Amino acid sequence: MGAVAAHGEDGKVSQQGADHQLKELDAGALFVLKSKGSWLHCGYHLTTSIVAPPLLSLPFAFTFLGWAAGVAFLLIGALVTFYSYNLLSLVLEHHAQKGNRQLRFRDMANQILGPKWGKYFVGPIQFMVCYGAVVACTLLGGQCMKTVYLMSKPEGPMKLYEFIIIFGCLMLILAQIPSFHSLRNINLVSLVLTLAYSACATGGSIHIGTSSKEPKDYSLKGDTQDRLFGIFNAIAIIATTYGNGIIPEIQATVAPPVKGKMFKGLCICYTVLSLTFFSVAISGYWAFGNKSEPLVISNFLADGQTLVPKWFVLMVNIFTILQLSAVAVVYLQPTNEVLENTFSDPKRKEFSARNVIPRAVSRSMSVIIATTIAAMLPFFGDINALIGAFGFIPLDFVLPVVFFNLTFKPSKRSIVFWLNVTIAVVFSAIGVIAAVAAVRQIGLDAKTYRLFANV
């Protein structure tokens with residue numbers, strides 16, 4: 001049962017109401033989405049889920065857009081997502097104050113749009129996006145490990161899939177952490193790691209950019225068609241970088257009363273985001289121009305030689321690997337919640353043998369499947385762009401404004417109503433076009449696809 005009696009208009013929960021609440025919760029909500037956190041913890045979760053290593057691809061997105069459009073879209077993405085995430089939080093607070101707290105995205109869709117929307121649209125899309133993020137983190141973690149390995153053994157025999165399996169073993173351990181709330185300290189460390197590798201990426205780019213005598217080229221490559229599709233590919237990259245997809249689940253970890261806590265958490269997140277996204281994007285594109293790689297730290301290596309000290313590249317990759325593990329385990333939480341709801345008994349204790357054994361087995365199988373997909377499909381980045389277009393754009397740009405308009409019913413003469421309608425229409429169109437661009441890119445790259453390829 002996703003909706004749960006939470007608290008009255010004054011935001012306080014009686015002990016009797018709290019006891020009734022615990023009895024009514026299903027296993028997924030009871031064991032994974034524990035409502036015990038503070039607004040600080042909320043900020044840690046938000047930062048880990050949004051400010052992640054995909055930000056290192058922002059200079060690459062700029063190669064399709066150029067300076068003016070690149071900075072403009074980056075700024076628009078920040079403003080729109082901060083606005084839409086706050087709207088989603090307000091809708092959640094509204095239902096909580098009415099005594100009907102929503103703990104999951106699909107629960108919101110069930111109540112606001114109808115049961116079929118939650119079951120057949122929002123639920124599957126969220127699962128696809130979150131599980132896709134786990135696969136992408138596992139693949140990227142393996143690639144970073146391979147980079148570190150090749151620095152010490154340039155002709156080493158180990159293949160990419162072996163490093164992906166090693167990263168998967170780390171994920172097997174982290175996946176057993178029982179609840180979302182239990183990740184709060186890990187996500188604080190993740191926040192620090194984000195600042196660390198972003199500072200390294202920015203510093204490294206500035207160092208290489210100032211020391212290189214090669215002229216910088218900021219021109220857009222390709223013919224008109226390539227440039228047009230490139231623009232929408234770049235928008236999909238930026239949207240995916242700002243993507244979250246689990247705002248309700250993060251707000252579910254906050255102890256009641258929830259009013260105002262999500263806004264404070266978002267302020268923490270977007271402070272870190274502003275420091276990292278813009279510094280990495282601008283410094284990376286300034287240093288490397290249209291030669292920026294899909295991950296800017298790849299530009300630190302040229303013809304097998306490092307353009308910065310080896311220890312520096314090693315340090316950046318280690319910071320990135322560690323934070324990727326935190327990001328992956330955050331995006332495992334919706335899957336964990338579904339598995340817990342399916343296999344656990346809410347009437348038994350959380351750590352009883354009846355619940356621990358199926359939890360360990362199901363979560364381990366989930367990680368093994370994600371690791372296998374990452375190892376088999378090292379070109380998953382192309383697939384993830386398609387998932388981002390189909391998933392992150394509707395979940396993070398379109399649905400929040402729709403939910404707000406349907407819940408609060410602002411006047412059709414108000415600026416808020418038409419701003420929300422505009423955001424919904426524009427980003428729906430962008431999502432469709434970005435999906436087409438992603439499919440086209442898959443078609444162009446398909447000739448290079450090989451299962452278990454050592455890329």
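Reading aromatic rings in a predicted model

Reply: Ring pairs join Phe 62, Trp 67, Tyr 218 and Tyr 285 into a cluster. This is a predicted model, in which local features need pLDDT of at least 70, side-chain atom pairs count only at pLDDT 80 or more, and totals for chains, interfaces and linings use all residues. Residues are numbered from 1 along each chain as its sequence is written, and side-chain values use heavy atoms, with hydrogens and water left out.

Me: How is a pair of aromatic rings described?

Reply: A pair of aromatic rings is described by the distance of the centres and the angle of the planes. Rings of Phe, Tyr and Trp (its six-membered ring) pair if their centres lie within 6.5 Å; planes under 30 degrees apart count as stacked, over 60 as edge-to-face and the rest as tilted. The whole structure holds 19 aromatic pairs. One of them, Phe 288 with Phe 300, is tilted, at 6.4 Å centre to centre and 45° between the planes.

Me: Is Phe 300 buried or exposed?

Reply: Buried means under 20% relative accessible area, exposed over 50%, and partly exposed in between (1.4 Å probe, protein chains only). Phe 300 counts as buried because its relative accessibility is 1%. Phe 288 is also buried, at 10%.

Me: Where does a charge sit over the ring of Trp 286?

Reply: A charge sits over a ring if NZ of Lys or CZ of Arg is within 6 Å of the ring centre and within 35 degrees of the ring normal. The charged end of Lys 216 sits over Trp 286, 4.9 Å from the ring centre. Arg 359 lies over the face of Phe 31, at 5.8 Å.
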